[in-house]
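This briefing goes through one protein structure by topic. Keep the sequence and the 3D view at hand while reading.

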Amino acid sequence: MSEARTNKTNREKYKEYIKNGGKMFASPQIGAGAGFDTKLAGKEWISQTTFEDLKNACKKFNMIPLYNFGMIDLASLIPDECHWENLKSEEIGDRKYYENRLHIGKYFLDVHLIEDKIKGFVQTKNLITEEDELKILDYYLDRLLEVTDFTPVVEHVKNCRNTAGEDEAIDIQWAMQPYELFCFPDTMNTAIFAFEQRDIFIKMMEKILRIDENLIKAVALGGSDFVFLGGPGSEMISPKYYEDFLVPYSEIVTSAAHKENLLIYSHICSPIEPMLTKGYYNQMGIDLFETLSPEPVGNIKSLEDAFNKLSPDMCTRGNIGLDRLLLCSPDEIRDIAGDIVRTAEKLRRKHILAASDYLFYDVPEENVHAMCDVLL
């Protein structure tokens with residue numbers, strides 16, 4: 001290896017590998033409220049986990065991390081119209097209850113969350129659950145379309161960059177996928193609204209695209225490397241939704257991101273067939289895709305079959321099942337990881353060794369070492 005190569009930062013290595021390939025590395029998904037970093041920090045409430053806890057967790061392993069940061073609350077861009085109100089914060093034993101209200105002009109929407117010790121958060125009520133509440137989201141989108149100053153977004157991303165460090169790769173996440181409707185409804189209600197309220201649904205997607213264009217420019221200006229593109233698995237929606245909504249709108253939004261030199265990271269940790277076989281992911285502008293998991297985590301036929309159905313230009317990350325990482329011995333994990341590495345190398349795929357999803361609290365630390373150390 002050349003001297004120039006050894007002096008490259010983690011950020012440079014990550015981006016270069018996704019674009020051009022090279023020497024495979026490990027990058028297990030740590031953080032995102034799954035709890036593995038919480039455990040390594042000696043904590044039990046995932047809400048108390050800090051970025052330093054995440055960074056220290058990543059330093060324990062032979063890996064190159066990709067750090068994910070959330071977008072600022074978009075309601076903060078229209079403070080004259082929107083504000084949050086906490087209605088309830090209560091801790092009872094090993095559980096915390098939260099009820100919050102988003103005020104949007106003369107309207108309001110409520111969200112309820114529960115946090116269990118070790119297990120993390122569950123959203124028990126989304127902001128939108130009924131069709132007549134879509135008018136509130138539509139009003140909210142109209143107000144966001146009036147925003148001309150995205151400096152708060154730029155400054156937020158700069159702070160994320162400073163927190164992670166100039167030498168690390170970072171990803172800024174928000175519900176950029178127009179189909180998700182900024183995650184105001186849950187996945188199942190979103191599918192129902194798309195079917196029963198198609199005209200207003202499409203109108204709101206068009207508005208989200210225009211908002212995304214401004215957010216993408218601000219995120220790039222702030223110094224991010226990646227933006228995130230979501231997509232439900234086949235247990236949530238049918239291929240028809242991909243054909244009508246996800247594929248065509250993803251092409252537009254990812255094209256806008258690529259023009260700003262941002263890479264597209266997509267995480268789908270559930271069944272991806274038949275979308276994989278139908279070639280939808282190849283059309284969506286994705287640069288880094290995870291994860292290609294067999295049953296019971298996913299539903300691919302085999303890793304080799306999945307690789308052969310994805311464009312060779314796309315880099316993949318994964319895909320040791322969390323069931324395996326939870327239950328297998330380190331020797332078994334080394335064997336599984338070795339098979340993944342050999343398959344990727346045989347097919348000359350750009351692949352980053354990782355898990356099928358973000359590491360749970362209970363994943364044994366020695367199994368993560370076994371996965372990462374295969375590439376030493």
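In this predicted model, helix H6 (residues 151–164) packs with helix H8 (residues 198–222) at an angle of about 40°, and their axes are 7 Å apart. H6 and H8 are therefore oblique to each other, since angles from 65 to 115 degrees would count as roughly perpendicular and those under 35 as roughly parallel.

**The helix pair**
- The crossing of H6 and H8 is right-handed.
- On the H6 side, the contact is made by Val153, Val154, Val157, Lys158 and Arg161.
- These residues meet Leu215, Ala218, Val219, Leu221 and Gly222 in H8.
- Sorted by class, the contact of H6 with H8 has seven nonpolar, two charged and one polar residues.

**The sheet**
- Four strands form an open sheet with antiparallel pairing, in the order S2-S3-S4-S5.
- Strands S2 (82–92) and S5 (120–125) stand at the edges with a single partner strand each, so one side of each has no neighbour in the sheet.
- On average, neighbouring strands of this sheet are turned by 20° against each other, direction ignored.
- Strand S4 (residues 107–116) runs antiparallel to S5 and is joined to S5 by five bridges.
- Asp116 has Gly120 in S5 as its bridge partner.

**A helix across the sheet**
- Helix H5 (residues 134–145) lies across S2, strand S3 (95–104) and S4.
- The angle of H5 to S4 is about 100°.

**Confidence**
- The protein has a mean pLDDT of 96, with 98% of its residues at 70 or more.
- Over residues 1–5, pLDDT stays under 50, and the model has four contacts beyond four places in sequence for them.
- Where pLDDT is low, the predicted coordinates should not be read in detail.

Definitions and conventions:
Residues numbered from 1 in each chain as written. Predicted model: local features only at pLDDT ≥ 70, side-chain atom pairs only at ≥ 80, totals over all residues. Heavy atoms only, no water. pLDDT = per-residue confidence, 0-100. Contact = heavy atoms within 4.5 Å. Pairing = 2+ DSSP bridges. Helix = DSSP H or I, 4+ residues; strand = E, 2+ residues; numbered from the N terminus. Axes fitted to C-alpha atoms, helices over the stretch in contact; angles between N-to-C directions. Parallel < 35°, antiparallel > 145°, perpendicular 65-115°, else oblique. Left-handed = near helix turned anticlockwise from the far one by under 90°. Nonpolar A, V, L, I, M, F, W, Y, C, P; charged D, E, K, R; others polar.
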